[in-house]
Amino acid sequence: LRVPVAVIQAKCAPYMQRGKSASRMERSHDGIFSIVARYQAEYRGIVQYYQLATNLPAFARLRWIMESSLTKTLSQKLRVPVTKVYKRYQTTVQTDRGLMKVLRVVVPRDEGKAPLVAQWSGISLGRRRETVDILEDQPAPVWNGRTEIVERLLADACELCGSQERIQVHHIRALKD
């Protein structure tokens, strides 16, 4: 099982303009946490779908293109150079396959609650021989029509049933929309 070159090129295309990585201006109205979380969800979905491929390291190009696009998007949002984005958010984390450099955004919460963490990268491109039950090729769309995802997570109430226990954020959009 191999990842076709055309697939890698097709997955890189939305993050490029004129053959180079480019910022995604349509995402610049979102919060920093949301931007990083969305890039990570898209990347994780693609890599998980092809995790049994023998040439999984071919996605290193996709990771580089997406990371460049992410940092350029954050750079435009924050109005700082890309190098400052790396200085502000880059850290090293321990993964199951060793230390990896990642971009990490932490949103503090009330006392007694763990902070919200969005992290770019940290997914190894080493071949995995075992399977995973759920593979996500297309992440669920995030609708930011009314509130920011951070506000929804901090609300501590289920948007579907209003429960305060075992909270999950449900992305609900009316059928008319």
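A search of the whole structure, which is a predicted model, turns up four aromatic pairs.

A word on how to read the numbers. A pair of aromatic rings is described by the distance of the centres and the angle of the planes.

Take Tyr 43 and Trp 120. Their ring centres are 5.1 Å apart and the planes meet at 50°, so this pair is tilted. To be called edge-to-face, the angle would have to be over 60 degrees, and to be called stacked, under 30.

Where do Tyr 43 and Trp 120 lie? Tyr 43 is in helix H2, residues 32-49, while Trp 120 is in strand S5, residues 116-120. The pair therefore ties together parts that are 77 residues apart in sequence.

The cut-off for buried is under 20%.

Next, Tyr 49 and Tyr 50. This pair is edge-to-face, with 4.9 Å from centre to centre and 80° between the planes. On accessibility, Tyr 49 is partly exposed, with a relative accessible area of 42%. Tyr 50, at 15%, counts as buried.

Tyr 49 and Tyr 50 also belong to a cluster: ring pairs link them with Phe 59.

Last, the charge. Which residue lies over the face of Tyr 39? That is Arg 27, at 4.8 Å from the ring centre.

Terms used:
Residues are numbered from 1 along each chain as its sequence is written. This is a predicted model: local features need pLDDT of at least 70, side-chain atom pairs count only at pLDDT 80 or more; totals for chains, interfaces and linings use all residues. Side-chain values use heavy atoms; hydrogens and water are left out. Rings of Phe, Tyr and Trp (its six-membered ring) pair if their centres lie within 6.5 Å; planes under 30 degrees apart count as stacked, over 60 as edge-to-face and the rest as tilted. Helices (H or I, at least four residues) and strands (E, at least two) are DSSP runs, numbered from the N terminus. Buried means under 20% relative accessible area, exposed over 50%, partly exposed in between (1.4 Å probe, protein chains only). A charge sits over a ring if NZ of Lys or CZ of Arg is within 6 Å of the ring centre and within 35 degrees of the ring normal.
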